[in-house]
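Dear colleague,

I am handing over the structure we talked about, and below it you will find my notes on what turned up when I went through it. Please read them with the coordinates open beside you.

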Amino acid sequence: HYRVFAFNSVGNSAFSNLASATLPATAVDTTPPAVKINNPANGAVLSAKTSITLSATDNVAVTGLKLYVDNKLISSTTSSSLSYSWNVKKATSGSHAIRGDAIDAAGNLGTTSITVTKK
């Protein structure tokens, strides 16, 4: 609510009638980024160096992308795509979890994961 008055060198006017205005609320971004592990495929059996590639999209802007193998951060970027060469020969035999996390400008987190196996 507000009231106004005018003034000059002669003096002040009376206050105006009370008025009000409503401003539209700013839309809040609650949509998390969509993350995709492009390579390797879920369930893949690996034995050599493997290129892990991630990509993320968002309705506003992706501000960060992180790559985890077995819950250990191994690479990150402020871009919407990431590529990492994983030397599978150094990994233990068995199942391994690969996870990609993306964050957007509003702080929303999107995540995806797959499982691969090292022979």
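A residue is called buried here if its relative accessible area is under 20%, exposed if that value is over 50%, and partly exposed in between. Asp-70, with a relative accessible area of 39%, is therefore partly exposed. Please keep in mind throughout that this is a predicted model.

Backbone

Asp-70 is found in the loop between β6 and β7 (72-77), and its phi is near 55°, a positive value in a residue other than glycine. Asn-71 is found in the loop between β6 and β7 as well, and there phi is near 65°, again positive in a residue that is not glycine. With a relative accessible area of 64%, Asn-71 counts as exposed, because the cut-off for that class is over 50%. A further point to check in the backbone is the peptide bond between Asn-39 and Pro-40, which is cis, with omega at about 0°; Pro-40 lies in the loop between β3 and β4 (45-46).

Nonpolar core

Which residues touch the most other members of the largest nonpolar core? They are Leu-65, Trp-86, Ile-98 and Val-116, in a core of 19 residues. The strands that each supply at least two residues of this core are β3 (34-39), β5 (50-57), β6 (62-69), β8 (81-86), β9 (94-104) and β10 (109-118), and the largest share, four residues, comes from β6. If residues up to four places away in sequence are not counted, Val-116 touches Pro-40, Ala-41, Ala-44, Leu-46, Trp-86, Gly-94, Ser-95, His-96 and Ile-98.

Aromatic residues

The structure holds two aromatic pairs, and since a pair of aromatic rings is described by the distance of the centres and the angle of the planes, I quote both values for each. Phe-5 and Phe-7 form a tilted pair, at 6.4 Å centre to centre and with 50° between the planes. The rings of Phe-5 and Phe-15 have their centres 5.1 Å apart and their planes at 70°, so that this pair is edge-to-face.

How exposed is each of them, taken in turn? Phe-5 is partly exposed, at 39% relative accessible area, whereas Phe-7 counts as exposed at 63%, and Phe-15 is partly exposed at 47%.

The loop between β2 and β3

Leu-18 is found in the loop between β2 (11-12) and β3, and at 61% relative accessibility it counts as exposed. Leaving out residues up to four places away in sequence, Leu-18 touches His-1, Tyr-2 and Arg-3. As a reference distance for your own checks, Leu-18 and Asn-108 are 41 Å apart in space, C-alpha to C-alpha, and 90 residues apart in sequence.

Salt bridge

How many salt bridges does a search of the whole structure find? The search finds one, in which Asp-101 is paired with Arg-99, and the closest N and O atoms are 3.1 Å apart. The two partners fall into separate accessibility classes: Asp-101 is buried, with a relative accessible area of 10%, whereas Arg-99 counts as partly exposed at 24%.

With best regards

Definitions and conventions
Residues numbered from 1 in each chain as written. Predicted model: local features only at pLDDT ≥ 70, side-chain atom pairs only at ≥ 80, totals over all residues. Heavy atoms only, no water. Core = buried A, V, L, I, M, F, W, Y, C linked by side-chain atoms within 4.5 Å. Buried < 20%, exposed > 50% of the residue type's maximum accessible area, 1.4 Å probe, protein only. Contact = heavy atoms within 4.5 Å. Salt bridge = Lys/Arg side-chain N within 4 Å of Asp/Glu carboxyl O. Phe/Tyr/Trp six-rings, centres within 6.5 Å; stacked < 30°, edge-to-face > 60°.
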